[in-house]
Every structure is written in structure tokens, then in C-alpha cells.
Amino acid sequence: MKSAKSGRDGRARIIEGALRRFSQSGVSATTLASLRQESGVSVGSFYHHFTSKEHVFGVLYAEIQEMYQAAFIGELVRHEDARSGIEAIVAMHMAWCGEHPERARLLISERPPRRNEPGGPEVAESRREFFRQVADWWRPHMKNGVLRPVPATMCYVLWLGPAQEMCRLWFSGAHQPTEEEIRELGEAAWNSLKMP
């Protein structure tokens, strides 16, 4: 008779274990043996679902990125006003990182898989669609002279760069952001992205 643990889906257990292990130790310091130990699966079960540690990371990163992007777009399209959209995304980013610290650590600290690596094509396609949706929201505000025309990378840096840095401090235990600081981060993003 299978135990509850061994009866659970092996792939899900590997992903859950990898999330814990990668967020605690980083991908490069995590061994395949520690991934198997964390998930409680056999060697055969591991290789039934994944070909390598990098394969696990690629799948996990793609899943986390899609989860974050869905929350981002879901929040963004709720706002017709440019300022409320810009500021709401900063608040959403901070809230999402607080609710999903292990996932957020991976997005913030790990390099995404490249196109030729496991998960890379999925990550690239997901990003392309995400940036298209953000651009669709941004474009009317830019045409109306409310938001600056900025390239995607600069848009990301100006919009969420300071919030990302606050999350790094938060995750390292150096500083717990206050609601007032999160509001200030949103206001700073707006001031960086609005037309002068």
C-alpha cells in the first residue's frame, strides 16, 4: 500500500522540493542528490519526469514567471488611468513577493534559462506575450502624452528596479518595507515614467 507521500504525484513533489532547495541554497549550490532527497523520490522516479537539475529549474522558472506575469497583467488591466496602473503594479509586485517569497527569490536572484536551455523557449515565448500585453496597455497613454516612450528594458528598470532592490533587502532580513515606503516606491515609479 502506498503512503500518502509516495502516492502523491512525483513531478509535483520534485517541483515543490526544488522550489524550497533552490530558494534556500541557489541553483548552482543545489545538487541533484539534494533535490531527490528534498522531494523524497527515487532516482528512477526523478528521471521519469526530468533529465537534469537544469531541466527542473527551467520548468520551475517558467511556471513561476507565468504565475507572476498573470498577476501583473490581471492587476494592470484593471486600471484605465496611467498613474493608478503604474502605482498599482508596484504595490502588486511587493505584495506578490511577500506572498510568494521562495518564488520571488528565484525570479529576482537567478538568471532565467536561455533559449537553448531547458525551459528557455517557454520563458522566451511567455516574455514576448507579456511584453505585448504591457505595450498594449502602455501605448494609448503614450499617445495621449501621459507616459514616456521608453524601451522595454528601461521601462522595467524605472518601474520596478527600486522595488526589486527593496525586495532583496527584505529577503536578506535587512529591512521590512512599510506601507508608506511601498507607496513611495509607486510614486517614484510614476515620476520616472510620466511625461515631463
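**Close-up views of side-chain contacts in a predicted model**

**View A. The salt bridge between E180 and R183 in helix 10**. With a relative accessibility of 38%, E180 counts as partly exposed. The model shown here and in the other views is predicted. The side chain of E180 meets that of R183 in a salt bridge, with an N to O distance of 2.7 Å. Both residues belong to helix 10 (residues 179-193), where they are 3 residues apart, about one turn of the helix.

**View B. The salt bridge between R132 and E129 in helix 8**. In this pair, N and O are 2.5 Å apart. Helix 8 (residues 120-143) contains both R132 and E129, spaced 3 residues apart, or about one turn of the helix. R132 has a relative accessible area of 41% and is partly exposed; E129, at 33%, also counts as partly exposed.

**View C. The salt bridge between R111 and E117**. The closest N and O atoms of this pair are 3.1 Å apart, which places the contact within the 4 Å cut-off for a salt bridge. R111 is partly exposed at 39% relative accessibility, and E117 is partly exposed at 26%. The structure has 12 salt bridges in total.

**View D. Aromatic pairs formed by W159**. The whole structure contains 13 aromatic pairs. One of them joins F72 and W159 in an edge-to-face arrangement, with 5.5 Å from centre to centre and 65 degrees between the planes. This pair links distant parts of the chain, since F72 lies in helix 5 (residues 53-76) and W159 in helix 9 (residues 152-171), 87 residues apart. Both F72 and W159 are buried. W159 also pairs with W137, and here the rings are stacked, at 6.5 Å centre to centre and 25 degrees between the planes. The second pair likewise connects distant parts of the chain, with W137 in helix 8 and W159 in helix 9, 22 residues apart. The relative accessible area of W137 is 9%, under the 20% limit, and W137 is therefore buried; W159 is buried at 3%.

**View E. The aromatic cluster that includes W159**. Ring pairs join Y68, F72, W96, F130, F131, W137, W138 and W159 into a cluster.

**View F. R105 over the ring of F171**. R105 lies over the face of F171, 4.9 Å from the ring centre.

Key:
Residues are numbered from 1 along each chain as its sequence is written. This is a predicted model: local features need pLDDT of at least 70, side-chain atom pairs count only at pLDDT 80 or more; totals for chains, interfaces and linings use all residues. Side-chain values use heavy atoms; hydrogens and water are left out. Buried means under 20% relative accessible area, exposed over 50%, partly exposed in between (1.4 Å probe, protein chains only). Helices (H or I, at least four residues) and strands (E, at least two) are DSSP runs, numbered from the N terminus. Rings of Phe, Tyr and Trp (its six-membered ring) pair if their centres lie within 6.5 Å; planes under 30 degrees apart count as stacked, over 60 as edge-to-face and the rest as tilted. A charge sits over a ring if NZ of Lys or CZ of Arg is within 6 Å of the ring centre and within 35 degrees of the ring normal.
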